[in-house]
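Hi,

Here is the structure I promised to pass on. Have a look at it first, and then read on for what turned up.

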Amino acid sequence: MQKEQDTWLQDSHNQDAIDQIMDRIASVLKDHYENPNEADCVPPIDLDRLKAMFVHDQPPEEGIGFEAALDHFQNDIMANSIRTWHPLFLNQMFAGASFPAIIGDLLAGMLNPTLATFEASPAGTLIERSVATWMAHMIGMPEGSSGIFLPGGSMSNLLALTVARDTKLGPDIRQKGVGVQKVGILVSAGCHYSIANSAHMLGLGTDSVIRVKTNERNEMLIDDFKEKLAMCEAEGRRVFATVATCGITVTGGFDPLAEIAELCRDKDIHIHVDAAFGGAMALTQDGKKLFRGIEVADTVIWDAHKWLHSPLTCTVLLLPNPTLLKAVFASNASYLFHEPDHEPDATDDLGQYTLLCGKRFDALKVWLLFKIYGRRYFQELADERWEFAKQVHGWLAKDPDFEPAYELRSPVLCFRYTPAALDGVDQEYCDRLHRWCRRQTMEKGLALFNMSKLKRRVVYRAILINPLSTMAKMEELFENLRELGQQFMRENPPPTA
Ligand SMILES: *Cc1c(COP(=O)(O)O)cnc(C)c1O
């Protein structure tokens, strides 16, 4: 027995209802896009009210219907969400998402294929391979490089290090497990936390992650890299992999990839490049040289959901020879991957190249972006945002009340409030001031930027890839931080030195 109303099927047979909902969704999208400045970046959050609305142990017994659910979404979910597309949303390594890619996400959900098998997604398989090849090419990898799309950089680091482990630590790892070998992965002290998680999950232990000393941007110091390498050799620890980060999470720095590559290429060490954030710097004029050495990388990851403005999640794992993934991840699930299977060619089953069985059509988002805008647009966008970041940095460097923490390598700016009145003042007080001021900008709804620690001192951290951020908006933020800093000092006079 079919119900009168509100069933999915009923709706899809009711053209008027569908049209209404489509109009409604179009207007939500349009609103969202046309008025990025109109509401606060951070809405006032009433936690008790949110919990009352959203924390329930049981699903609703009866539905409220599409219209009412959309009302609920707009009035209660959207209105209580951080506006990640606001010009002063500088908190994450992404900002909003590009319209075509949002549509790509929607359309991928509509087709709802799984890219695990070619027969379930012929066009999708070809597109995914193709887009991965584009990305390998754009980042400077050799001819023939390609890979697969995965949900996120952290997952991609895990899979890349699985490849490193299986190829470098012996052919029988797959059957026998890792045992108790003493192994090492050389990383910068500023590498992403997913590296240590991966070492844990791969049975290597977090002690195998050897942290190389870094400079003020958290970039590996090559002399210490050599020292750590020698130290590991001396203690019988097999260094089988290194992770060079291109776009270090806190600072946007770049590990010295060319020198690392030079040191590792004759030593049978897997070179993994984590370009989750920094990949797009390869599109810029200045950035290309930072990627020297990527020609010999064994694995590379790049998040399209960061600086290519796709919605989360959308990441590629790239290899010079992508069939290596098949050697590591292929399974004998004959219900899915039929024998004799395709040769490793364009019609191969992508499910054999990864841990994932259900595999989203994420590549569609990037494919649409490049189809609509073309590569050159992204190159110009990256160059333009990089110039913008340098301009903001220059502005701050000239202001006696602020101090950038380092010269920029990519659009990640860490800085401090350093007026003369704080000269010689206790560090703990300054850290408290920074935390309070940042909290105030959120409470005012003005902005969402981040905070981190460098050399044990609290710094403000702003990611400057948001295409809507302007110099005027940034100046507004800095003026607010200046005034808030003064207010804090008035209300809590600094301890006299
Ligand atoms: C963002 C980032 C990651 C994690 O990627 P997710 O897509 O957020 O999982 C890993 N490494 C670096 C350098 C990153 O910037």
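A quick word on terms before the layout: domain bounds here come from an automatic or database domain assignment. Also keep in mind that this is a predicted model.

For the protein chain, that assignment gives domain 1 (16-83), domain 2 (113-372) and domain 3 (377-491). Taken over C-alpha atoms, the centres of domain 1 and domain 2 are 37 Å apart.

Phe-54, Val-55, Phe-73 and Ile-77 make a nonpolar patch of about 340 Å². Ile-77 sits in helix H4 (residues 66-77). Is Ile-77 buried or partly exposed? It is partly exposed, because its relative accessible area is 37%, and buried would mean under 20%.

Now the inside. The largest nonpolar core has 99 residues, and Met-135, Ile-139 and Phe-291 touch the most other members. Domain 2 (113-372) and domain 3 (377-491) each give at least three residues to this core. Leaving aside residues up to four places away in sequence, Met-135 touches Phe-149, Trp-302, Ala-304, Leu-308, Val-316, Leu-318 and Val-366. There is also a second, separate core of 33 residues, with Ile-148, Leu-159, Ile-173 and Leu-325 among them.

Cheers

Terms used. Residues numbered from 1 in each chain as written. Predicted model: local features only at pLDDT ≥ 70, side-chain atom pairs only at ≥ 80, totals over all residues. Heavy atoms only, no water. Patch = residues over 30% accessible without salt bridge, like charges linked within 9 Å, V, L, I, M, F, W, Y side chains within 5 Å. Areas by Shrake-Rupley, 256 points an atom, 1.4 Å probe, with all protein chains shown as cover. Salt bridge = Lys/Arg side-chain N within 4 Å of Asp/Glu carboxyl O. Helix = DSSP H or I, 4+ residues; strand = E, 2+ residues; numbered from the N terminus. Buried < 20%, exposed > 50% of the residue type's maximum accessible area, 1.4 Å probe, protein only. Core = buried A, V, L, I, M, F, W, Y, C linked by side-chain atoms within 4.5 Å. Contact = heavy atoms within 4.5 Å.
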